[in-house]
Amino acid sequence: MITSNPFSELSAIIPSAIMQAYVVLMFLFVIGGTVLDMIHKKSAKYFFENAKKAEKAAKRTVSGGEKMSMAISTVTSEVLTSSEFANPRRRVSHLFTMYGFIVFVASTAWLIFGYTAAESAAAPGWLSAAWHLGALSLCIGGYWFWFFIRVDVNSEGVKWYDLRMADLFIVSCLMMATFALLWSATLGAGNLNMLFLVLFILASTTLFSTVMWSKFAHMFFKPAAAYQKRITRADESRENLPPDFDLTDPAVQAKFPDIPEYMGTNPPNMGLGIKREAPNHY
Ligand code: HEM
């Protein structure tokens with residue numbers, strides 16, 4: 001089952017051209033939703049105004065070469081390895097979700113455009129396998145996040161069945177991948193298979209048509225924000241935050257004489273602070 005193309009069987013009831021038109025429509029929904037989201041929240045305006053403000057507060061000029069190397073590091077670190085997540089469980093679950101989503105969406109488009117027309121050849125087994133494994137990876141990362149990681153369950157007592165608007169993205173992602181797998185697994189099983197197909201289409205239409213209200217567009221905004229953060233560290237504007245002082249450094253102690261007076265010349269490590277204990281006292 002895993003190496004067969006479910007869309008080629010679907011082309012017996014839904015013409016290939018209709019499937020292709022659906023994919024194009026979803027793509028346009030994502031572009032439209034992202035642009036409307038930016039206009040509505042004025043996020044692009046805020047982003048560029050903030051970048052300008054940071055540039056004014058810069059203590060040194062960042063060269064074009066440095067900017068290029070920071071852009072490359074942003075892609076290889078924050079984007080490809082989700083390095084912004086300090087919590088390793090959240091990071092690994094995000095990697096499963098992100099790569100699963102990308103592989104699933106790309107292979108869906110490839111299978112539909114390349115291998116559903118009457119005259120086209122059978123899809124290569126690895127491509128159909130990628131579609132199934134992409135959906136599976138999205139489910140592993142997503143359900144792990146939903147049932148075991150969602151921070152609110154720990155700190156605020158929000159239960160797994162407590163749905164809110166902010167969950168639109170993850171829930172529709174999960175429903176899409178789950179019903180896609182169930183639809184493929186029940187091919188040939190009559191009404192049950194048709195039910196899963198309808199639910200799969202409903203979930204994916206929800207996911208792609210609600211970009212304006214969901215967290216979907218973070219996949220485009222986060223890389224820009226991560227790059228901008230690197231710039232503010234390099235030009236030392238640091239979003240107006242103070243630098244990380246080493247309290248044992250004599251230069252720092254000369255600048256802040258209260259430190260040696262109250263804490264001695266070798267101040268102890270102040271510890272983990274807020275990170276000492278996970279928030280689980282609800
Ligand atoms: C391409 C598909 C992607 C999918 C399906 C995806 C999915 C998700 C999901 C489900 C969450 C909530 C889970 C959690 O907070 O632990 C999340 C959060 C997050 N994602 Fe992604 N993501 C994608 C791409 C990206 C990219 C490219 C970046 C960064 C460069 C990124 C950065 C983040 C960050 C920093 C959070 C946590 C902060 C927040 O909740 O706003 N994501 N993502």
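Among contacts in the chain between residues at least 6 apart in sequence, 75% join residues at least 24 apart, a contact being a pair of C-beta atoms, placed from the backbone, within 7 Å. The model is predicted: local features need pLDDT of at least 70, side-chain atom pairs count only at pLDDT 80 or more, and totals for chains, interfaces and linings use all residues. Residues are numbered from 1 along each chain as its sequence is written.

**Fold and dimensions**
- The chain holds 12 helices and 0 strands (DSSP runs, H or I of at least four residues for helices and E of at least two for strands, numbered from the N terminus).
- The radius of gyration, taken over C-alpha atoms, is 24 Å, whereas a compact globule of 282 residues would have one near 19 Å (2.2 Å times the number of residues to the power 0.38).
- Along its principal axes the C-alpha trace spans about 80 × 45 × 35 Å.

- Of the chain's 282 residues, 19% count as buried (20 or more other C-beta atoms within 10 Å of the residue's own).
- Leaving aside residues up to four places away in sequence, Ala135 touches Gly100, Phe104, Ala177, Ala180 and Leu181.

**Ligand shell**
- The ligand is surrounded by 17 residues, the closest being Arg90, Met98, Phe101, Met219 and Lys222 (C-beta atom, placed from the backbone, within 6 Å).
- Helix 5 gives the most to this shell, with 6 residues.

Methods
Contact = placed C-beta atoms within 7 Å. Buried ≥ 20, exposed ≤ 12 C-beta atoms within 10 Å, placed from the backbone.
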